[in-house]
Each structure stands twice: as C-alpha cells, then as structure tokens.
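Hello,

Here is the structure I promised to pass on to you. Have a look at it first, and then read on for what turned up in it.

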Amino acid sequence: MAERRIFHASVVESDAFLDMPIGAQLLYFHIGMHADDDGFVNGPKQIARKLRVGQQNLAMLIERKFLLQFDDVVVVRHWLVANSLKSDRLRLPRYTEIADQLYVLENRVYTMEPPEGVPSLLGTRREMLEARRAHLESRRNPKRTQDNLTQGNLTKDNLTKDNATEDNLTQDN
C-alpha cells in the first residue's frame, strides 16, 4: 500500500457523495487509503468494523456505485480519475481475474459493462507493459532493432513517421 492517495473533488464534493451518512463518507476515505495502485481493496468489511461504522455504510457505497464489489474485494470506481502511476511503475494488477472484468471509460471511471472495442483493464495493462518492454529492449539493443528494420519489418506508419521527420529536417535547412 502506498503512502499517498488522492480523492478527486468532483467525486467527494458531489451531492451524491455528500448526501450519504458521514459513516459511509468516512469508510470511503479509509477504503481509498487502503487501496492498492489500481484501487482494489481486499477486506472492506474489516475496515468498516475497525471504524465501527456498520456494514450498511459499505452496502450504501456499493449500491450508489462508489465501489464495485467482487466477493471479498471492492474496487474504488473513480480511482483512475485522481490516481495514476508513471509508466515505469506499472505492473499487472494483483487481482487479475477482477481486472479482466473491469473496463476503463473515457472519463477514467471503472465499469463492469464492456464498451465496444475497449479491452479490459488487464488487457490494457498487458499491452502497456509489452510496449514498455519492447521500448526498453530497443534501447538496450539497438543493433537488434536495426536488424529488424533491415529485414523488411517496417510498417506503413513507421515509414510515414520517418518521412515526416525527414521532411521536417529538410524544411528547417
């Protein structure tokens, strides 16, 4: 668990949030402080018991969609609105089976309803990690990258980018 967490004002200052009992609001903040880097929290009932706020507050947070529930794990639905990681700190989520059921909407809110053409959180994270690995590999071993280029592995996009760069260079001269 990290030391710092951010709660976005658009969530915690909304009427929907402020209309809840203070116990539910308190529980939301404490669950957020216990969340991992992806907003996942194992054992939210235990947190509610420690705070002595009652299980009905947890049920209210789930019912009002501030939290998404998966057995003993809850996910802070608006986690990515305010919290993100640098690409060098990314890794696969701890709960891969849950991450495979979550999707990130354009507004950076988790949903369990798959938007058309959007991979799951797990799929997105795997793509990002693979791209990062490929980038690091190309920096570590430029000859290998050069060999790939000479073997005809150029894509149309790469050719377009290279031509655009050459055009910019010739225009500056």
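A residue is called buried when its relative accessible area is under 20%. Please keep in mind that this is a predicted model. Its mean pLDDT is 85, and 80% of the residues reach 70 or more.

Let me start with histidine 78. You will find histidine 78 in the loop between strand 3 (73-76) and helix 6 (79-82). Is histidine 78 buried or exposed? Its relative accessible area is 17%, so histidine 78 counts as buried. Leaving aside residues up to four places away in sequence, histidine 78 touches Val11, Tyr28, Lys65, Phe66 and Val109.

Helix 8 runs over residues 121-140 and spans 28 Å from its first C-alpha to its last, close to the 28 Å expected for its 20 residues. Leu121, Leu122, Arg125 and Leu129 are buried in this helix. These four lie on the same side of helix 8 because they cover an arc of only 90° around its axis. Among the elements covering the buried residues of helix 8 are strand 1 (40-42), helix 7 (96-99), strand 4 (103-104) and strand 5 (110-111).

Enjoy exploring!

Best wishes

Key
Residues are numbered from 1 along each chain as its sequence is written. This is a predicted model: local features need pLDDT of at least 70, side-chain atom pairs count only at pLDDT 80 or more; totals for chains, interfaces and linings use all residues. Side-chain values use heavy atoms; hydrogens and water are left out. Helices (H or I, at least four residues) and strands (E, at least two) are DSSP runs, numbered from the N terminus. Buried means under 20% relative accessible area, exposed over 50%, partly exposed in between (1.4 Å probe, protein chains only). Contact means heavy atoms within 4.5 Å. The expected span of a helix is 1.5 Å times one less than its number of residues. The arc is that of the directions from the helix axis to the C-beta atoms. pLDDT is the predictor's confidence in each residue, from 0 to 100.
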